[in-house]
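Hi everyone, thanks for coming.

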Amino acid sequence: MTKVNKARSTSPPDGGWGWMIVAGCFLVTICTRAVTRCISVFFVEFQTYFTQDYAQTAWIHSIVDCMTMLCAPLGSVVSNHFSCQVGIMLGGLLASTGLILGSFATSLKHLYLTLGVLTGLGFALSYSPAIAMVGKYFSRRKALAYGIAMSGSGIGTFILAPVVQLLIEQFSWRGALLILGGFVLNLCVCGALMRPITLKEYQTSREPNHVCRTQKQDFKRTSPCSTWTKEWVQTCLCCSLQQEYSFLLMSDFVVLAISVLFMAYGCSPLFVYLVPYALSVGVSHQQAAFLMSILGVIDIVGNITFGWLTDRRCLKNYQYVCYLFAVGLDGLCYLCLPMLQSLPLLVPFSCTFGYFDGAYVTLIPVVTAEIVGTTSLSSALGVVYFLHAVPYLVSPPISGWLVDTTGSYTAAFLLCGFSMIFSSVLLGFARLVKKMKKPPPRIPAQESDAKRQLWTNGSVAYSVASELDQKDRESVAMAVPGYNPT
């Protein structure tokens with residue numbers, strides 16, 4: 001019942017069609033994350049048209065963002081049980097349908113269901129499978145590939161934001177949503193690019209199909225037809241899910257999951273409150289918007305350059321440490337923010353925070369793959385992005401409550417900063433404990449007994465055990481001048 005799954009393909013090609021996978025994932029991040037950010041451009045239009053307050057209107061963006069992360073495991077399940085192509089194409093159809101139906105909405109509740117739930121579900125089916133495919137095609141240059149692929153979020157926001165505003169002015173918000181719905185259908189094209197690949201991995205595992213066949217025969221012998229069919233389906237499903245999500249029991253992944261919760265809580269509120277904070281310290285509206293533009297552009301630079309740097313030979317083995325470094329520095333930026341109360345001081349902050357925000361976002365899939373392996377990467381990324389959902393939903397309201405209660409942004413920014421620093425320290429401490437518990441490497445006994453190296457006055461002499469055979473004696477004679485093998 002146990003067998004070894006061997007290769008049906010080669011190791012990750014680190015190029016070739018892999019660059020088309022990167023291009024497809026780049027377009028997926030534009031159609032999902034960038035479009036999600038651009039929904040905020042519709043905020044004033046929705047508020048004016050439906051005559052609702054800020055809180056009611058803000059729920060649209062919160063729901064689509066939360067659904068994208070909350071349903072990420074569903075995207076992994078669909079891509080694993082069918083294919084990545086099917087998952088992304090289905091996600092593109094659902095997201096496009098949500099945007100098109102949203103253009104006919106007559107109330108905010110309609111937008112909650114269409115633009116929020118349906119579009120968010122479509123983005124979830126597309127986002128995590130596309131990111132996982134990059135990890136399957138790249139090993140040596142994985143960080144660089146992820147940096148390029150995930151920079152689509154920043155580039156897409158930079159391009160789509162003014163375009164969406166122009167569409168609203170020309171065709172109203174309904175026409176703009178309709179056009180965005182057609183644009184998001186490009187996810188189906190991106191899905192067609194995701195050519196499946198089976199990696200060469202030697203692992204011992206229980207074959208679900210073999211278990212299913214065995215259980216099917218048992219059920220047929222011992223149960224009526226209707227009963228054994230139901231029990232067999234349940235057994236197959238349980239075996240498949242147990243193998244697919246076995247990484248949930250890994251202690252390293254549990255620590256990563258906890259740290260992601262604190263990291264996600266800290267990173268979200270800045271994108272909501274940077275502009276209001278800048279306005280509160282006397283910065284003009286145009287200058288406050290300029291800070292957000294800087295944040296988005298530098299985010300792209302962080303995606304690409306940090307991915308390239310961590311793929312260099314000197315940093316290749318320290319990508320985990322680089323991730324901790326980037327998250328911790330973003331936390332330190334938060335702690336300094338309450339002291340920055342002018343535009344010349346906020347510009348360097350936007351550059352620093354934006355760069356390291358793009359840096360650690362690039363390394364999230366790399367760190368996850370290092371912990372769970374490439375085979376389980378799609379499912380693991382689905383869980384990781386699922387863990388982003390609750391912090392994304394609750395952290396902006398909590399920060400707003402702190403601002404209302406204290407009358408300043410200091411408490412909100414400090415809480416976010418300490419949350420990100422704790423995330424970094426937790427992962428670092430877990431890695432340190434694991435290294436301390438790791439036993440030292442053993443020296444092979446034969447090699448240790450056969451040759452003992454003696455250092456005397458700068459010269460090296462060898463004492464060879466009498467048990468050496470003639471071949472070993474001749475080898476020593478060639479290595480040590482003056483040694484007589486007889």
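Predicted model: local features only at pLDDT ≥ 70, side-chain atom pairs only at ≥ 80, totals over all residues.

Let me begin with a term we'll need: a residue is called buried when its relative accessible area is under 20%, exposed when that value is over 50%, and partly exposed in between.

Now to the charged pairs. Side chains of opposite charge can pair when their charged atoms come close. Searching the whole structure turns up 3 salt bridges, and we'll visit them in turn.

Let's stay with Asp 252. Its partner is Lys 434, and the closest N and O atoms of this salt bridge are 2.6 Å apart. Now look at where the two sit: Lys 434 is in helix α18, residues 410-437, while Asp 252 is in helix α12, residues 251-267. That puts them 182 residues apart, so this pair links distant parts of the chain. Lys 434 has a relative accessible area of 45%, which makes it partly exposed.

Helix α18 comes up again in our next pair. Arg 431 lies in that helix and Glu 370 lies in helix α16, residues 343-372, so the pair ties together parts that are 61 residues apart in sequence. Their side chains meet in a salt bridge at 3.1 Å, N to O. Are these two buried or partly exposed? Arg 431 is partly exposed at 25%, and Glu 370, at 41% relative accessibility, is partly exposed as well.

The remaining salt bridge joins Asp 65 and Arg 33, with 2.9 Å from N to O. Asp 65 belongs to helix α3, residues 54-70, and Arg 33 to helix α1, residues 18-38; the two are 32 residues apart. How accessible is this pair? Asp 65 has a relative accessible area of 12% and is buried. Arg 33 also counts as buried, at 12% relative accessibility.

Phe 158, Ile 159, Val 163, Val 297 and Val 301 make a nonpolar surface patch of about 400 Å². Which helices supply at least two residues each? They are α8, residues 152-184, and α14, residues 285-310. Helix α8 gives the most, with 3 residues.

Technical notes: Residues numbered from 1 in each chain as written. Heavy atoms only, no water. Salt bridge = Lys/Arg side-chain N within 4 Å of Asp/Glu carboxyl O. Helix = DSSP H or I, 4+ residues; strand = E, 2+ residues; numbered from the N terminus. Buried < 20%, exposed > 50% of the residue type's maximum accessible area, 1.4 Å probe, protein only. Patch = residues over 30% accessible without salt bridge, like charges linked within 9 Å, V, L, I, M, F, W, Y side chains within 5 Å. Areas by Shrake-Rupley, 256 points an atom, 1.4 Å probe, with all protein chains shown as cover.
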